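Please keep the sequence and the structure in view while reading.

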Amino acid sequence: MDNGKEKLGIALVGLGKYSEELVSALQETKHCRLAGVVTGTEVKKEKWKNKYDLPDRNIYDYKNFDSIRENANIDIIYVVLPNSMHAEYVVRAAAAGKHVICEKPMAVTVDECDRMIDACKKAGVMLSIGYRLHFEPHHLEVMKLARQKVYGEIKTIEAAHSLSNPAGWRLEKDLAGGGPLMDVGIYCVQAARYVTGLEPIAVEAFEGSKKNKEKFKTIEESLTWRMEFSNGVVADCSSSYSKAENYLKVEAENGWFELSPAYSYRGIKGKTSDGKMDLPEVNQQANQMDDFALAIMNKRLTPVPGEMGRQDLKILQAIYHSMETGKRIEIENEQLALH
Ligand code: NDP
């Protein structure tokens, strides 16, 4: 399928807002190209076909999607659908013998993640999650500062990522799996994991009061939560659908470092107790897709595998469990940290 190609062909599944971002990033990749699309909307078929010069045979809908198996132009399927649809389409992509990138959150339950990982293993294809910040210089610098203990041992972490005015499927629990935690709070969970290099041993979460009970009928409008790590570090996090917050702050024994804004596609800025971080701006999604293509070509592991997405889901589920019961929830970590 991918043998000897200079660029691997990617098919985007679900042509919404984020696929628009990804298709422009694809123009900047070195090792990938847009090879096809999967959409349920007729007008998008024509629009994408003309705009990106796609042959008819590389345009699919959700019904004939499985016949993508016969299409040698497509090496990677990139699932960019509402969260509760990720599991089905990753499993079908694997059954079609294609490598898969799945957007975050990987799915809406850990059981779904297990099915997705198993399906990819069985099919002998690679699975990665769309964690673009693992390919962004400020986040790589934060990982390095923490790992090399440049400012000594980490003491505390504060992280917040919020979004105002969500709409559509994001407000429906059946499609989204939850509210801002699933959508943007997940970045804080990720950051706490890669700053500490550890897995949380317990979480405690509190739902914020709802200002708009009708709009947020099935999901939380906002929440705060604490993640506890085995070395005594705590990460205090928050996420909301009614304000704009976007930072990561790390206090260490002999100094501090922070990113603000921290999780945006562009314009991430960093500071340390010694001054500004002077790092280049990159196309995160282009780097992420190129890295996956290289992982496939060179038969090496991806730094953002399905197992990482599964671990995040496990933590998100524990946070919801705490929020709903009012209890501190301990997390059993059966696997080693994946960093
Ligand atoms: P959009 O609502 O903009 O697009 C989702 C697309 O999915 C739709 O346009 C539609 O495409 C398809 N779809 C199929 N069934 C449904 C349905 N029942 N309801 C709604 N859409 C449906 O969402 P986003 O692009 O913002 O998000 C998609 C995924 O990407 C999510 O998992 C999200 O978390 C993730 N994401 C990741 C980001 C990141 O930075 N990594 C940023 C933004 C989103 P069509 O008409 O072609 O069938």
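Predicted model: local features only at pLDDT ≥ 70, side-chain atom pairs only at ≥ 80, totals over all residues.

Two helices, helix 1 and helix 7, each contribute at least two residues to the lining of the largest pocket. Of these elements, helix 1 deserves attention at the outset, as the largest share of that lining, four residues, comes from it. In total, 36 residues line the largest pocket, and those lying nearest its centre are K17, Y18, R170, D183 and Y265. The space within this pocket amounts to about 930 Å³. Sorted by class, the lining of the largest pocket comprises 16 nonpolar, 12 polar and eight charged residues.

What sits in the largest pocket? The ligand does. Helix 1, which spans residues 17–26, and helix 7, which spans residues 180–196, are the elements that give two or more residues to the shell around the ligand. This shell consists of 26 residues, the closest of which are T39, T41, K44, Y62 and R132. In terms of class, the shell around the ligand divides into 11 nonpolar, eight polar and seven charged residues.

Individual atom pairs between protein and ligand may now be considered. The backbone takes part at K17, where an N or O atom lies 2.8 Å from an oxygen atom of the ligand; K17 is also among the residues nearest the centre of the largest pocket. At N83 the side chain is concerned: one of its N or O atoms is 2.7 Å from an oxygen atom of the ligand. The side chain of E103 likewise places an N or O atom 2.8 Å from the ligand, but here the ligand atom is a nitrogen. On its own, the ligand has 890 Å² of accessible area, and the protein covers 81% of this.

How many cavities of 30 Å³ or more does a search of the whole structure find? The search finds one. About 40 Å³ of space lies in this largest cavity, and the residues that line it are Y131, L133, H134, Y187, Q190 and Y194. By class, four residues of the cavity lining are nonpolar and two are polar, while no charged residue is present.

Most peptide bonds are trans, and most residues other than glycine have a negative phi. Against that background, the peptide bond from K104 to P105 is cis, with omega near -15°. P105 belongs to the loop that runs between strand 5 (99–102) and helix 4 (110–123). A further cis peptide bond leads from S260 to P261, with omega near -5°. The position of P261 is in the loop between strand 12 (255–259) and strand 13 (270–272).

Notes: Residues numbered from 1 in each chain as written. Heavy atoms only, no water. Near = heavy atom within 4 Å. Polar contact = N/O pair within 3.5 Å; in protein donor to acceptor, adjacent residues only side chain to side chain. Areas by Shrake-Rupley, 256 points an atom, 1.4 Å probe, with all protein chains shown as cover. 1 Å grid on protein atoms, 1.4 Å probe; cavity = no way out; pocket = protein on both sides within 12 Å on 5 of 7 lines; lining within 4 Å. Sits in = over half its atoms within 2 Å of the grid points. Nonpolar A, V, L, I, M, F, W, Y, C, P; charged D, E, K, R; others polar. Points joined across faces, edges and corners; volume = space filled by probe spheres on them.
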